[in-house]
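Please keep the sequence and the structure in view while reading.

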Amino acid sequence: MNQELRAAVLLPSGARARIAGWKQGVELRHYVVYAAAALIFLLFVVFLRDDGFLTSSNLINIGRQSAPIAVMAVGMSFALASSEIDLSVGSVAALSSLVAAEVVGGHGFVAGTVAALAVGASIGLVNGFITVKVRIPSFLVTLGMLGIVSGIARNMNNLQSLPIRNDAFREVFGSGSVGPVSSLLVWTAVVGLLGHLALHQLRWGRHVLSVGSDRSAAKALGINADRVRISALVVSAAAASFAGVLLAGRLAIGRHDLGENLLLTVIAAVVIGGTNLFGGRASVAGAVAGSVVMAMLNNGLILMGLRVSDQLIARGVIIILAVSLSMREQKES
Amino acid sequence: MNSEPAVTRSGQPGSAALEISGLCKSFRAVKALDGVGMTLRYGRVTALLGDNGAGKSTLVKCISGVYAPDAGTVRVNGVEHAVSSPEAARALGIETVHQTLAVIDPLDVVENLFLNREHTRGGRLGARLGVLDKKRMRRESEEILSRLDIRIPSLRRPLDALSGGQRQAVAIGRAVAWGQQIVLLDEPAAALGVEQAARVLELIRGLRDSGVAVLLITHNMDRVTSVCDRAIVLRQGRKTAEVDVGEVTKDDLVAYITGARTDDPAQ
């Protein structure tokens, strides 16, 4: 009350309106993810202090590991925002890593990257067309596509890793850095910024939210909902294939299972970040922060010395808990 | 996007804005509309009456491009058009307030007013990319709402943070702001309190006086007699009456709606 009074006295009306608008726009759920990130970080700092959690090399590692998750999460945000879902992202990332490795070897760095992204975008286009034109829910279409793409990836090099010897590719998408900042973090920032701008500054972003929130209303206003839904699935798959490129760059290989198990992690990152699982609301910044949370969890569980099987269980429990907390927050708001 | 958000020129008051004839629409075995014809005139308010399920909303959806009619013609300013999509209807200057309002809950007031009519900035490239000109849309939203005397506490509020009346006001404001020729209102005051409903009637009068052709669906006979010039009654998908509101009583209108009376020679 006092603060409002002060603001009313001291600030010009434009700024007052801005503050009022800002206050109304603020919802708790936007901050849950940042609070969770801070809390988990502090917990790990305390409990894993003897296991090397708070060393610079480990923190850098977490950042690098979060990059492919974050890139996929940004793409997934648009799929979820449009009230669709893309379950094929993990397999798309894996296939893209193989395509990149294959093409980089023969035709160089640019061709390899473009080919990988083109494969991803084409898969998204097929997902979108089947979802929209045949009227099958996207979770079924992309679940089928997950199997198809995994199979293709397994056939491509007989389950063997394809080494990448192109230095430029490995530098740009993996080991390199811009000043002190790992190139993986730079790519995360670039993709996150592009996603944020597309969501908030472009007509397309508003239309994605409209279609995801109320498709028939959006159609009644003349929005081409089919095109919006297809484009959201294309963006999701293209982002997934770029994540595959980043995985290939970091590990200097293409392999049939790179990123394949990231699906649940990515969905959890997006939902924890404040995006509605059922469309209409999305936060790209939240998705990036959620990705850092998930990478930190993965890292912490490994440092705790849990066996792989126990890590799976712990991660599953944590994801369900985290998502149910943030969904409750969304329902209340 | 090339049109300005202003109630601008239409034809001479009394001249035909929208003429439909022989409009038919079936859903499986149900004939929702069976050869309906009507004319909306500039500067006139036409009431569309009928019991639930009479076909009123279906008729509105056929004119606004949501449904494709099975048969019949739609003429706008004397020229036949296939209103094949909502986009096509809006391009012809036909704006609609649907019963469901068609507002987008998570978007704010400005975004809803300009949805699919966004201003862009950054020249041709910006227009292609769809870079939103938020400042301009905000400024024009303030103008639209103040011209219509619609009071919304904050334009940045998402629609689901507004009251039912405010949401309705935004939906109506959008139709009024963009409806250059023809505005179709499907139960625009259904969920409103007395004072807000009166404001809606004021808006309708304002539209009429600026020369727009208005179609008003309502169940409230007081609203019919206070703002409408003509009344068309649908019953089971057919037009059963078309009268000058000044020449009948409310009881007559109710009799037409319930089917106790019918004027239609075809019946």
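Two strands are taken to pair if DSSP finds at least two bridges between them. The structure discussed here is a predicted model.

## The six-stranded sheet of chain B

Chain B holds an open sheet of 6 strands in the order S6-S7-S8-S3-S9-S10, and the pairing within this sheet is mixed. Its edge strands are S6 and S10 (238–244), each of which pairs on one side only. On average, with direction ignored, neighbouring strands of the sheet are turned by 15 degrees against each other.

Two helices of chain B pack on this sheet. H1(B) touches S3 (45–49), S6, S7, S8 and S9 (230–235), and its direction makes about 150 degrees with that of S8(B). H7(B), residues 194–209, touches S3, S7 and S8, and its direction likewise makes about 150 degrees with that of S8(B).

Strand S7(B) covers residues 182–186, and because 5 of its 5 residues are buried, the strand is largely enclosed by the rest of the structure. In a regular strand the side chains alternate between the two faces of the sheet. Both faces of S7(B) are covered, with Ile182(B), Leu184(B) and Asp186(B) buried on one side and Val183(B) and Leu185(B) buried on the other.

S7(B) runs parallel to S6(B), residues 94–97, to which it is joined by 4 bridges, and in this pairing Leu185(B) is the bridge partner of Val97(B). With S8(B), residues 213–217, S7(B) is also parallel, and here 5 bridges join the two strands. Within that pairing Ile182(B) stands opposite Ala213(B), while Val183(B) stands opposite Val214(B).

## The four-stranded sheet of chain B

A separate description applies to the open sheet of 4 strands in chain B, which has the order S2-S1-S4-S5 and antiparallel pairing. S2 (30–41) and S5 (79–81) stand at the edges with a single partner strand each, so one side of each is left without a neighbour in the sheet. From one strand to the next, the twist averages 25 degrees.

Inside this sheet, S1(B), residues 16–27, and S4(B), residues 71–76, pair in the antiparallel sense over 5 bridges, and Arg75(B) in S4(B) is the bridge partner of Glu19(B). Helix H1(B), residues 56–63, lies across S1 and S2 of chain B and runs at about 115 degrees to S1(B).

Is His98(B) buried or exposed? With a relative accessibility of 7%, His98(B) counts as buried, and His98(B) is found in the loop between S6 and helix H3 (109–113) of chain B. Leaving aside residues up to four places away in sequence, His98(B) touches Lys61(B), Ser64(B), Val66(B) and Asp186(B), and also Ala220(A). His98(B) and Arg75(B) are 23 residues apart in sequence and, from C-alpha to C-alpha, 21 Å apart in space.

Asp251(B), by contrast, is placed in helix H9(B), residues 250–258, and with a relative accessibility of 61% Asp251(B) counts as exposed. Asp251(B) and Met221(B) are 30 residues apart in sequence, and their C-alpha atoms are 8.9 Å apart in space.

## Helix packing in chain A

Chain A has 15 helices and 4 strands, and buried residues make up 51% of its 333 residues. Among the contacts in chain A with a separation of 6 or more, 76% are between residues 24 or more positions apart.

Two packed helices are described by the angle between their axes and the distance between the axes. H4(A), residues 56–81, and H14(A), residues 284–303, have axes that come within 7 Å and cross at roughly 140 degrees, and these helices are therefore oblique to each other. The crossing of H4(A) past H14(A) is right-handed, and the residues of this contact divide into 13 nonpolar, 6 polar and no charged.

H4(A) also packs with H12(A), residues 225–251, at an angle of about 170 degrees and with the axes 7 Å apart; H4(A) and H12(A) are therefore roughly antiparallel to each other. By class, the contact of H4(A) with H12(A) has 16 nonpolar, 3 polar and 2 charged residues.

Key
Residues numbered from 1 in each chain as written. Chains lettered and ligands numbered in written order. Predicted model: local features only at pLDDT ≥ 70, side-chain atom pairs only at ≥ 80, totals over all residues. Heavy atoms only, no water. Buried < 20%, exposed > 50% of the residue type's maximum accessible area, 1.4 Å probe, protein only. Axes fitted to C-alpha atoms, helices over the stretch in contact; angles between N-to-C directions. Parallel < 35°, antiparallel > 145°, perpendicular 65-115°, else oblique. Left-handed = near helix turned anticlockwise from the far one by under 90°. Nonpolar A, V, L, I, M, F, W, Y, C, P; charged D, E, K, R; others polar. Contact = heavy atoms within 4.5 Å.
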